[in-house]
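Please consult the sequence and the structure shown here while reading.

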Amino acid sequence: MARAVLNLPSMSRAVLIDSRFDVTSAIGRGGSAIVFEAFDRVAKKHVALKVLSDTIEDPEVAFARLAREARAAPAITHPNVCSTYDFGRLDNGRAFVSMELLRGESLRAYLRRTPRLDPEEAIEIAVQVLA
């Protein structure tokens with residue numbers, strides 16, 4: 001799917017898009033977007049690059065929604081919320097948001113690895129999710 005969104009020939013090596021982002025791998029996927037790990041040559045740092053999927057029924061509505069998300073995100077300061085750096089359109093017209101890249105294990109992976117949590121740990125996780 002990553003190749004379809006950005007028309008990438010291969011993800012076996014970094015692919016440069018828009019003379020700005022060195023995309024190294026797909027790290028997540030949702031209903032309307034794919035998130036890539038990339039190096040932003042302008043900001044000179046590694047970022048999570050969220051790019052709208054090419055399968056969206058109404059790209060302009062999705063663009064407007066992503067624009068609202070990108071404008072609202074900097075107003076939220078919380079340890080459990082990623083920082084948003086930039087927003088725009090790629091040369092191929094797809095909308096993108098560059099965000100703080102966080103490394104570590106996802107909650108999904110942790111729960112698969114630890115299927116039975118003790119009550120204190122379950123409460124600690126729930127409090128972070130609900131914060």
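## Lining of the largest pocket

In this predicted model, the lining of the largest pocket is made up of 10 nonpolar, three polar and four charged residues. These 17 residues include C82, L102, E105, S106 and L107, which lie nearest the centre of the pocket.

Two strands take part in this lining: β3 (33–40) and β6 (95–100) each contribute at least two residues to the largest pocket. Its volume is about 560 Å³.

## The second largest pocket

The second largest pocket has a volume of about 180 Å³. Its lining consists of E105, S106, L107, Y110, I125, Q128 and V129. By class, four of these residues are nonpolar, two are polar and one is charged.

Helices α3 (107–113) and α4 (119–130) each provide at least two residues of the lining of the second largest pocket. The largest share, three residues, comes from α4.

## The chain as a whole

Four helices and six strands are found in the chain. Read from the N terminus, the elements follow the order α-β-β-β-β-α-β-β-α-α.

The chain has 131 residues, of which 32% count as buried. Its accessible surface comes to about 8600 Å², and 53% of that surface belongs to carbon and sulfur atoms. Among contacts between residues at least 6 apart in sequence, 40% join residues at least 24 apart.

Note on methods:
Residues are numbered from 1 along each chain as its sequence is written. This is a predicted model: local features need pLDDT of at least 70, side-chain atom pairs count only at pLDDT 80 or more; totals for chains, interfaces and linings use all residues. Side-chain values use heavy atoms; hydrogens and water are left out. On a 1 Å grid over the protein atoms alone, a cavity is a set of points where a 1.4 Å probe fits but cannot get out, and a pocket is an open set with protein on both sides within 12 Å along at least five of seven lines; lining residues have an atom within 4 Å of a point. Grid points are joined across faces, edges and corners, and a volume is the space filled by probe spheres set on the points. Ala, Val, Leu, Ile, Met, Phe, Trp, Tyr, Cys and Pro count as nonpolar, Asp, Glu, Lys and Arg as charged, and the others, Gly among them, as polar. Buried means under 20% relative accessible area, exposed over 50%, partly exposed in between (1.4 Å probe, protein chains only). Contact means heavy atoms within 4.5 Å. Accessible areas come from the Shrake-Rupley method with a 1.4 Å probe; for residues, only the protein chains shown count as cover.
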